[in-house]
Amino acid sequence: MKIGLFGGTFNPIHYGHLRVAEEVREAFLLDKILFIPAGIPPLKKYDILQPMHRLKMTELAVKDNPFFEVSDFEAKQKKPSYTINTLTHLKKLYQNDTLFFIMGIDAFLELKSWHRYEELLRMVDFIVMSRPGFDSLQNYELIEDEEAENCFKIKNSDKKAFFISVFPFWISSTQIRKMIQNGKTIRYLVPEEVREYIEKNKLYRE
Ligand code: ATP
């Protein structure tokens, strides 16, 4: 099987995440996309919602898509969750499958700040999605020149980064949190069950 691993804080998950994952699945003929809500993220400094709420919302958001699944591996960890540990775990779990790590270009361009990023870049191939407002992969220090159209060799690694231009969504979780704080509706930006979950649990109000 070809499996895409899609990590994120998903704080909360929104239609941008879902739509780009669907496009990646179709373009790369993936059999499954595993959404992996982060536990206590080492990098995001603001007060982040408890992992269990983010996990639950991600489950609600993907439940109607037979190709989408959610991993609770990071959300259930007590310590900060580093992607390198998650990938080590998932590579063992899916040893007969081909894994791709899916990221938006904003996240990929920040990869140098991740824990043990050099090892990470040697573990799996990456699928890097366009995102409005962010630069291209040209001249990015972690990759070599384009080998074939939208396919870049990662430096000091035998892995590749495949770039995909996805439908541009200007949505971000940050914007959604701000809208809630300002008393604005978030209907049609997140799946309805996610919106109801946020409302019922009075999340992101302060
Ligand atoms: P925040 O605003 O809190 O930083 P976010 O909307 O960027 O959140 P994350 O959970 O941090 O969401 O994102 C998880 C992954 O999804 C990242 O790799 C990010 O680049 C990607 N992503 C999020 N939103 C989009 C979007 N609209 N288009 C393309 N990629 C996206």
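Predicted model: local features only at pLDDT ≥ 70, side-chain atom pairs only at ≥ 80, totals over all residues.
Local features were taken only where pLDDT is at least 70 and side-chain atom pairs only at pLDDT 80 or more, whereas totals for chains, interfaces and linings use all residues. Residues are numbered from 1 along each chain as its sequence is written, and side-chain values use heavy atoms, with hydrogens and water left out.

Helices (H or I, at least four residues) and strands (E, at least two) are DSSP runs, numbered from the N terminus, and two strands are said to pair if DSSP finds at least two bridges between them. Strand S1 (residues 2-8) is joined to S4 by five bridges, the two strands running parallel, and it also pairs with S2 in the parallel sense, over six bridges. Isoleucine 3 takes part in both pairings, its bridge partner being leucine 99 in S4 and lysine 32 in S2. Together with H1, strands S1 and S2 make a right-handed β-α-β unit, where right-handed denotes that, with the strands pointing away from the viewer, the path from the first strand over the helix to the second runs clockwise.

In soluble globular proteins, nonpolar side chains tend to be buried together. A nonpolar core is here a set of buried Ala, Val, Leu, Ile, Met, Phe, Trp, Tyr and Cys residues joined through side-chain atoms within 4.5 Å, with buried meaning under 20% relative accessible area, exposed over 50%, and partly exposed in between (1.4 Å probe, protein chains only). The largest such core has 33 residues, and those with the most contacts inside it are Phe6, Phe35 and Met57. Elements that each supply at least two residues of this core include helix H1 (15-27), strand S2 (32-37), helix H2 (51-62) and strand S4 (98-104). Apart from it lies another core, of 30 residues, among them Ile84, Leu90, Leu120 and Tyr140. Phenylalanine 35 is in contact (heavy atoms within 4.5 Å) with residues including Phe6, Phe10, Ile13, Leu18 and Val62, once its neighbours within four places in sequence are left aside.

Helix H3 (residues 83-93) contains threonine 83, which counts as buried because its relative accessibility is 15%. Residues up to four places away in sequence not being counted, threonine 83 touches Glu74, Phe101, Trp114 and Leu120. The buried residues of H3 are Thr83, Ile84, Thr86, Leu87 and Leu90; they cover an arc of only 155° around the axis, which puts them on the same side of the helix, the arc being that of the directions from the helix axis to the C-beta atoms. Their cover includes S1, S2, S4 and helix H5 (117-120), while the face of H3 turned away from the buried side carries the exposed residues Lys92 and Leu93. Threonine 88, also placed in H3, counts as partly exposed because its relative accessibility is 35%. Its C-alpha atom is separated by 8.4 Å from that of methionine 123, 35 residues apart along the chain.

Strands S6, S7 and S8 form two hairpins. Strand S6 (residues 143-148) is joined to strand S7 (residues 151-154) by three bridges in an antiparallel arrangement, in which glutamate 146 stands opposite phenylalanine 152. Two residues lie between these strands, and asparagine 150 in the turn has a positive phi of about 60°. Strand S7 is in turn joined to strand S8 (residues 160-164) by three antiparallel bridges, with phenylalanine 162 as the bridge partner of cysteine 151. This hairpin has five residues between its strands, and asparagine 156 in the turn has a positive phi of about 55°.
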